[in-house]
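This report describes one protein chain for a reader who is new to structural analysis. Please consult the sequence and the structure shown here while reading.

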Amino acid sequence: MAATLIDGRAIAQQVRDQVAADVAAFTAETGVTPGLATLLVGDDPASAVYVANKRRACVAAGIADLHRHLPADVAQEQVVAHLQELNADPQVSGILLQLPVPAQLDATLLTGLIAPDKDVDGLTPISAGRLMQGAPGLRPCTPSGVIELLDRHDVPLEGAEAVVVGRSDLVGKPLIHLLLQRNATVTVCHSRTRDLAAVCARADVLVAAVGVPKLIGADAVKPGAAVIDVGINRTDDGLVGDVDFDAVREVAGLLTPVPGGVGPMTIALLLSNTLAAARLQRG
Ligand SMILES: Nc1nc(=O)c2c([nH]1)NC[C@@H]1CN(c3ccc(C(=O)N[C@@H](CCC(=O)O)C(=O)O)cc3)C=[N+]21
């Protein structure tokens, strides 16, 4: 029997509707409108589209859109000054520095300057440490979106074999901790893993987040498993994930498509994090 497809667009819309209602209640109660500062450096067309989508989603949720666009050749000290200004601005609940940034800028240094309670990407070392220790804080949007998709489909995580393919700071590493907190048995695979397919085939929950088109074939999937595809790869065949969709569909129990799976959840969770950040700033 073919897998049930997870409709990321529909679930993201439900999350966005809930955030909009929560923002309205928060604003009515406190008089504060949450605001998201998106910082875009340069004119990469893909980044411009992503940022435009995030800004539109903010406005639809009642979040103030506080965008800044800097030229591609901006000096690092100037970006630092913008981040310091945004850190100090009480109108700004959340700050997102769109990645990647041009080569003259140090992305790790810059994201590390964002005030942890405004770090809606969950990328600062403080946010990463809070996540690892299970302390309150802002969690990266894409891994949170993965957990939300699994929860909405009642996929049991406690005691489940979860395999994460990929170990990026933005997705793989934070996801390990979110799954551990839910008492899954977590295995992490990467480019040096021996017999990747055999390890993946143990998974009740398999998450692919490496950026290699169609890496995960049917031989890497246990029958009935929940398979979450975080990959977004632009190829000659169009936009494809890290999972060989047509093949895995025949084996998996649940499967996310690309597009229309995890991607829309990233934006929905960004809105949720912006409201959470506004709450953190009120102490
Ligand atoms: N500071 C920072 N934070 C990020 O979270 C961040 C970033 N930089 N840089 C780029 C990546 C990428 N990313 C996506 C967001 C939404 C979709 C998304 O909505 N995708 C749709 C459409 C895909 C399309 O057509 O391009 C889908 O999968 O259905 C995809 C990718 C956030 N990123």
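## Domains

The C-alpha centres of domain 1 and domain 2 are separated by 29 Å. Domain 1 covers residues 31-116 and domain 2 covers residues 141-264; these bounds come from an automatic or database domain assignment.

The model is predicted: local features need pLDDT of at least 70, side-chain atom pairs count only at pLDDT 80 or more, and totals for chains, interfaces and linings use all residues. Residues are numbered from 1 along each chain as its sequence is written.

## Helix H2

Helices (H or I, at least four residues) and strands (E, at least two) are DSSP runs, numbered from the N terminus. Helix H2, residues 45-60, contains 16 residues and spans 23 Å from its first C-alpha to its last, close to the expected 22 Å at 1.5 Å a residue; the expected span is 1.5 Å times one less than the number of residues.

Which residues of H2 are buried? They are Lys 54, Ala 57 and Cys 58. A residue is buried if 20 or more other C-beta atoms lie within 10 Å of its own, exposed if 12 or fewer, and partly exposed in between, with C-beta atoms placed from the backbone. Seen down the axis of H2, the buried residues fall within an arc of 105°, so they line one face of the helix; the arc is that of the directions from the helix axis to the C-beta atoms. On the other side of H2, Pro 45, Val 49, Arg 56 and Val 59 are exposed. After H2 comes Gly 62, which has a positive phi near 80°.

The loop between S5 and helix H4 (107-112) contains Pro 100. The peptide bond from Leu 99 to Pro 100 is cis, with omega near 0°.

## Other backbone features

Asp 154 has a positive phi near 55°, although the residue is not glycine. Asp 154 lies in the loop between helix H6 (141-152) and strand S6 (161-165), and is exposed, with 6 other C-beta atoms within 10 Å.
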